[in-house]
Amino acid sequence: MNSFVSASTIAAPSGEGLEEVVRLANVKRRFGTTPALDGVSLTVHKGEILGIIGRSGAGKSTLIRCLNGLEQADSGEIHIEGRNITGLSEKELQPLRRRIGMIFQHFNLLSAKTVEENVALPLKIEGLGKAERLKRAGELLELVGLSDKAKAFPSALSGGQKQRVGIARALAARPALLLSDEATSALDPETTRSILALLKDINRKLGLTILLITHEMEVVRSVADRVAVIDAGRIVEEGQVWSVFADPQAPITKSLLSGFRPQLPEYIATRLSPVSGAEQILAVDMAGPAAQGALFADLSQALPQSFRLVHGGIDHIQNQAVARFFVAVPTRDAALPEQVQNFLKARDARVEVLGYDTDHA
Amino acid sequence: MTPIMLELLFRSLWETILMTGASGIISLVAGLPLGLALVATSRGGIAEKPWLNSLLGAIVNGFRSVPFIILLVALIPLTRLIVGTALGTWAAIVPLAIAATPYYARIAEVSLREVDRGLIDAVRAMGGNRWTIIREVLVPEALPGIIAGFTVTLVTLVGASAMAGAIGAGGLGDLAIRYGYQRFETTVMIAVVIVLIILVCGIQWFGDRLVAKLDHK
């Protein structure tokens, strides 16, 4: 009986009472008759990384472009550092945009300028002297690990290096917020990991608030603190990344997460009977301390021969264990399934009866 | 070829270079802003103004549709106003420049239009204004195309300047017509053609080299 449940690892910041960098209230934008944003309300707190995920066409690009006025909202309010930017003219937006860095899927580096000139451009726009801006560009290139490429032209760089330059350039004017528009979508998985690690590093070192949009769950999983799921121009789900991974609510979230959460193998799922069979198949979800205990060891001790593991695993997101298992409980003893479910529920697991397996002996 | 003919050939070459060079520079200075205006005022441009775009487009098309030889004569009053005379090499520069400007503006427009919109977005996102976009994005990014287009314009001007003989501007084309063709001096004709080939090849070679040097794509 050495069950051990640690409660010390739950340190999920609630977000309440933190300084807001971005606040959207009922933002709407339509193109022709199709609404791209259909009443988006969202808050980004200082120092956090918020990931906005959605399929292509869900409105995420429009959303991120509204935040620095590259796109104008039709209605609603967009507050950046407490200031409402909706309805501002291009001229009024220009100084505000210097507080917001942006990186892009296709990097958008100027091919006619060297790497250091690209990084120094926001400072040139700000009106800084040449010596000063090149000095700052040098510091930034060091931060992103590209000091040796200062005099090179972007065409001589790899995709990952180009995005590092893009990041250095976005940070040049010391922004309060960094917007990442699918920044890793054009990169291979290994480069993606290194760019995400760099973003996380910058977030920690500089305390920079980052809002990133992506269609890849992996990006959210590895770098974001909170996630908002956008579908058809609406935020359908929002929360701590680990809790959304542990218990997705919206169908779109479940679908986006399907590759990341264990699924009942197809061949078993198709032969399940909804009413009866030799075994009852359960989906068991646990997160946080519940997922770290010796749950199944305890279960087999309390109720010997009561279950068989079919599939599943434990993942770790933001230092939280997120577990999902599929277990088969024999139905010979009619009371057993009920007992097993009660045992699991008492240990903070979510249990769902998927059906009955008829084929298995 | 006699020394006199040789001297005539060199003088004609100089006249052609003068006409081509002067009208070329004017077409660059006037045509590039016109090309920028055409791109900036177009739909989705950085200074979208459809009516102005249509107006500029119509003016450009109007000048481009008039045959050069007609323009040469039709512009005589204007030429007289600017240069003080309607005859000679300098007088030919006015119609040549006026014909080349809309031509070059269209070529520059094509290069400027091909600049990736994402680059404009990037500079807008940095807080850059329209002037910054023109200076830091549109012109530098389109520069290889702008130079290549200018080379094409210069070569076209070499050809067009041959017609300027009609208003006594001289030049290689005029020499070829008056001596080579009308006086049956085949040697002069051949010499002029060879000089023209060298001139055109030289302009193209120099343009190509400049483009290669500037293109970092």
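Visitor: Which residues is Val327(A) in contact with, leaving aside its neighbours within four places in sequence?

Guide: This is a predicted model, and in it Val327(A) touches Leu282(A), Val284(A), Phe307(A), Arg308(A), Leu309(A) and Val310(A). Each of these counts as a contact because the two C-beta atoms lie within 7 Å.

Visitor: What makes Val327(A) part of a nonpolar core?

Guide: Core members are buried residues of nonpolar kinds such as Val, joined through C-beta atoms within 7 Å. Val327(A) is listed among the residues with the most contacts inside the largest core, which has 162 residues. Val119(A), Ala168(A) and Leu96(B) are also on that list. Helix H5 (residues 89-113) of chain B gives the most to this core, with 15 residues. At least three residues come from each of domain 1 (20-257) and domain 2 (266-357) of chain A.

Visitor: Why is the crossing of H1(B) and H2(B) called left-handed?

Guide: H1(B) passes H2(B) in a left-handed crossing, a name used because the near helix is turned anticlockwise from the far one by less than a right angle. The axes come within 8 Å and cross at roughly 145°.

Visitor: How do you know which residues of H1(B) and H2(B) meet?

Guide: The test is again C-beta atoms within 7 Å. By it, Leu34(B), Ala37(B), Leu38(B) and Thr41(B) in H1(B) meet Leu52(B), Asn53(B), Leu56(B) and Gly57(B) in H2(B).

Visitor: How many of those residues are nonpolar, polar or charged?

Guide: Five are nonpolar, three polar and none charged.

Definitions and conventions: Residues numbered from 1 in each chain as written. Chains lettered and ligands numbered in written order. Predicted model: local features only at pLDDT ≥ 70, side-chain atom pairs only at ≥ 80, totals over all residues. Buried ≥ 20, exposed ≤ 12 C-beta atoms within 10 Å, placed from the backbone. Helix = DSSP H or I, 4+ residues; strand = E, 2+ residues; numbered from the N terminus. Domains from an automatic or database assignment. Axes fitted to C-alpha atoms, helices over the stretch in contact; angles between N-to-C directions. Nonpolar A, V, L, I, M, F, W, Y, C, P; charged D, E, K, R; others polar.
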